Amino acid sequence: MRRTLSRSGGFSVVALAAAVPLLIAMPAAAQSAQSPMPYDAERGVFTFATGLEQALPAVVQVTTLGSSSGPSSGDAEPRPMSSGSGAIIDAAQGIIVTNNHVVEGGRKFTVDLTDGRIFEATLIGADKATDLAVLKIEATGLAQIEVVSSDTLRTGDLAFAVGYPLGLDQTLTMGVISGLGRSGMGDRIEDYIQTDAAVNSGNSGGPLLDSRGRLIGINTSILSGGGGGNDGIAFAVPSRIMNYVVAQLREHGEVRRGVTGAIFGSLNAERSRTFDIGIVRGAVVEDVAPGSSAERAGLRRGDIVTRIQNRPVSNAGTVQATIGIAAPGTELALVYLRDGQEGRATLQVQERTEQVVFAGSEVVVARGVTARVNEGDLQVSSVEGGSAAAAAGIRAGDVIESVDGGRASSLTAFTRAMERRGQRVVSVRRGGESVRITLP
């Protein structure tokens, strides 16, 4: 389970607890009709077991095995290097969804079922930008989790996390949906569900369920303090994104995304003061590639997108997630602010072409890196979320010094170097140090 800095937060089911004495005093029939939560009259207890028990057999443990560099021949056999959880979403085909970071770097994969069976799994594909991966096992008698749309979720809905945390057997925890549309964890496609259901190391890739036992997301990361444990803030990839990514991985073995030519950053309080506007939610257009659909749509650097496809934009993650699951040819309706005035545009998602560099008079966009001259230096002004550059570790603010050993301190030199096909090694200056980054 990936971790970042911790923040405080939590929830108490006070309302439900307060209802219990009143419900106990009711006849069983009245309890069944009026209870705010399912009631088992035979046992005399409140429970969500009926719905959840149908999903639990479809939650599996995933173990990733990697190479060993031991001195003897026996040490060359793959050994367990990480473990996590997964959810069977297609029992007939043996299709399992988990996290990319659970399977990353592995040579072999095994899947443990709740009935005690264990199977070797084949990796169908993985997507680092959304931290999702698809495995396949050849097995009969599998259970399957029902998947429902995450677009129907509301803050305050009950949520259940299932997985194999901290070396324990299958574990179920309960919480609420604490927030929706969360992002800002990194340069990825992010539109997370936030929950306070207890999620720990080993829960990665396991399902987040609603109160009827239906999959609404895939648990992927937590905010944690110095101790590394659960602090009540966890994030899940919503089923809306999962469905698209899984379909792409099953069909192509990779996610084929379209492009718009616009790179977005998140609006925050500090940037809001810079723009002198009275809002702190939105996505700032950092750059627009020359000749792109974003340029044709009339977007400019500094525009602030407030809605996309009639959905409020919290930050750049909202926009990136919408574009990231839109097939080429899709037209996306935008509402934006420019100089305090509201504007509207239609942004068409284009098929990604072989062209890897877009060069203008003031900016170059190459492989997800946007570079412009700043006080005599060629500086990275922004990095596209989910791009090869983001995955490789290039950051906004890096000063580009060379490409493949040749100086690339001007827009022209950088364009020529990046236009060449194949892998590129970019040297950047970051905080007084030189860093070499390999771009695929």
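This is a predicted model: local features need pLDDT of at least 70, side-chain atom pairs count only at pLDDT 80 or more; totals for chains, interfaces and linings use all residues.
Residues are numbered from 1 along each chain as its sequence is written, and side-chain values use heavy atoms, with hydrogens and water left out.

**View A. Helix H8 spans residues 316–324.** Helices (H or I, at least four residues) and strands (E, at least two) are DSSP runs, numbered from the N terminus. In H8, 9 of the 9 residues are buried, so the helix is largely enclosed by the rest of the structure. Buried denotes under 20% relative accessible area, exposed over 50%, and partly exposed in between (1.4 Å probe, protein chains only). Among the buried residues of H8 are Ala316, Val319, Ile323 and Gly324.

**View B. Strand E12 (residues 192–195) pairs with strands E11 and E15.** Two strands pair if DSSP finds at least two bridges between them. E11 (residues 171–182) runs antiparallel to E12 and is joined to it by 3 bridges; here Arg182 stands opposite Tyr192. E15 (residues 234–238) is likewise antiparallel to E12, with 3 bridges, and Ala236 is the bridge partner of Ile193. Tyr192 and Gln194 point one way from E12, Ile193 and Thr195 point the other way, and all are buried.

**View C. Ser402 lies in strand E28 (residues 399–403).** Ser402 is buried, its relative accessible area being 12%. Leaving aside residues up to four places away in sequence, Ser402 touches Arg407, Ala408, Val425, Val426 and Ser427, where contact means heavy atoms within 4.5 Å.
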